[in-house]
Amino acid sequence: MPIQFENVSHVYSAGTPYQYQALKGINLKIAEGKMTAVIGETGSGKSTLVQHLNALLLPDEGKIRILDRVIVAGEKPKKLKSLRGKVGLVFQFPEYQLFEETVIKDVAFGPKNFGVSEQEAVLKAKQALHLVGLGEEFFEKSPLELSGGQKRRVAIAGILAMDPKVLVLDEPTAGLDPAGTKMMMRLFERLNKEMHKTVLIVTHDMEQVFAYCDDVVIVADGKIRMHGPAKKFFEDSRLCKEMNILPPALIRTRDALNQNGFEIPSDIADIHALAKEIRKQVKRHG
Amino acid sequence: MGNFTLGRYMPLDSPIHKMDPRMKIIAMLLMLISIFINAGWIGYGIIFVVMSCVIMTAKLSFRFIWKAMKPMLFMLCFLLVINALVVTTGVPLFTIGSFTLYSGAVMQTLYIAVRLLLMIMITTCLTATTKPMDMTLGIEDLLGPLKKIGVPAHEIAMLISIALRFIPDLIDETQRIMKAQQSRGVDMQEGTIKEKVGAILSLIVPLFVSAFQRAEDLANAMEARGYAPGEPRTRYRTLKFHARDYILLGGSLCILVTMIGVSILL
Ligand SMILES: Nc1ncnc2c1ncn2[C@@H]1O[C@H](COP(=O)(O)OP(=O)(O)OP(=O)(O)O)[C@@H](O)[C@H]1O
Ligand SMILES: [Mg+2]
């Protein structure tokens, strides 16, 4: 069990008029090797939640288990660096963290901090940049002269180069073009399925949740509203409505077809399969 | 550091919040002058008690003041070290090897610490109870008479209020970047000197980049809404003195006179 929250609360700016309780008694278990989506409205507490995973924020109440560490409210944890090497967190707008003169140096910064030798760090940086789709021609550029989307990729590569066991991504595809988004999501899926990393991804895009994630966690007003398998959640149209979430287009199309006399089974997973199924049923009735 | 409170406005409802910003600025200046009149511990005691009352009236907590003071502690420690090496007045407290600590060194540091504390109490009472917008109006009006001799009062006021307005933002930004770099294994507390320099660089460079970005965005946003420095501007709000403002002025004048009195008598 790599990640477990027990009754975790977090209060920002305690004791001032700006005081705000962003997390209210969170209980959550995230199984190893899963790809989990964290969804919820703006301001519901998703970013606050994920920043607890590598102890950037500490709980004001409750207990968090992450890999072999236990973080208890009120105790000052030591040696957080090793935890941060194992739980890689990509921030909501990570492009602001770039600072080295060249892209390759910036990506190598993470591994070097964790005691990897200069050469090996550069090697890891090259691999990571390759993974996020940035070729050789970018290596020696200054991060400041890249476009927003390219900066985003460099920042993600900076975390991937650390080769963390758990990968946490806070809205990693916000602002990327559709092709870039798809490529990133495929990459995260590969890291999860092939390299067996536990992946947590904060997103507002239900299509992504449906297409790539095993589980879904819904955060609302600092509490966990729901946690369960993503496919099963989207199948349950009443639950979706209750949670105020619009299911992905495929499910909506299927439901509309079924309401109009088709009998599309629920194991149809993409539009091609759906198209074939429609053709089959039309022919049968034809 | 979301806890960093120096210069931050606190939206509360108190008599101090309602006071006229011009008078609050004048009162602050009078109080600051009072601190620099050498009225000894009695004088500082009086100012401390008065400011404590003001802080309570403004519904600010003492923790808030303490947090604003905290970043200064490092400076004070540094000062103590220097004083300890330089000052040789008063009675010797203890001796280690060839080094002797004198009570004068401790007293002098304590003196500065108390002045600093009082200064922070006074300025916080202004910045925490006055909206940045009101502060601009106040400064501009106070500098108004100087416009005749060519002082760009409005621009100065705008400059000051933008600077004040951005302090908390820059602090939040610093904190965000710090978190991002900590996620990449930067250790702000432990590490060798070389690592520490690296850590600071990884913080400063992105901070500057984003500060310039912000400045540009703000300038564009202001221009897009037709702001031009030097052009005459109408005002949505005009300031007016009330009875409470005169009480504030009278009170701070009293303190100043008391300080002068105490310093002469002692
Ligand atoms: N440093 C802070 N100080 C005070 N309040 C904060 C701070 N950071 C966040 N909050 C508040 O906590 C709440 C949760 O913020 P959080 O960033 O976790 O939301 P989110 O779910 O990630 O939203 P989004 O989808 O917009 O990224 C918000 O209401 C926000 O105003
Ligand atoms: Mg967020």
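Predicted model: local features only at pLDDT ≥ 70, side-chain atom pairs only at ≥ 80, totals over all residues.
A nonpolar core is here a set of buried Ala, Val, Leu, Ile, Met, Phe, Trp, Tyr and Cys residues joined through side-chain atoms within 4.5 Å; buried means under 20% relative accessible area, exposed over 50%, and partly exposed in between (1.4 Å probe, protein chains only).

Residues are numbered from 1 along each chain as its sequence is written, chains are lettered from A and ligands numbered from 1 in the order in which they are written, and side-chain values use heavy atoms, with hydrogens and water left out.

Phe188(A) touches Met35(A), Ile156(A), Leu167(A), Leu169(A), Pro172(A), Val199(A) and Ile201(A), not counting residues up to four places away in sequence; contact means heavy atoms within 4.5 Å.

The aromatic residues extend this picture. Over all chains, a search of the whole structure finds eight aromatic pairs. Rings of Phe, Tyr and Trp (its six-membered ring) pair if their centres lie within 6.5 Å; planes under 30 degrees apart count as stacked, over 60 as edge-to-face and the rest as tilted. The ring centres of Phe210(A) and Phe234(A) are 6.0 Å apart and the planes stand at 75°, so this pair is edge-to-face. Phe210(A) belongs to helix α7 (residues 206-212) of chain A and Phe234(A) to helix α8 (residues 230-235) of chain A, so the pair ties together parts 24 residues apart in sequence. Helices are DSSP runs (H or I, at least four residues), as are strands (E, at least two), numbered from the N terminus.

The magnesium ion (ligand 2) is coordinated by Ser47(A) (OG) and Gln92(A) (OE1), at 1.9 to 2.4 Å. Donors are N, O and S atoms within 2.8 Å of the metal (3.2 Å for Na, K and Ca); water is not among the atoms, so sites may look incomplete. Ser47(A) is buried, with a relative accessible area of 19%, while Gln92(A) is partly exposed at 23%.
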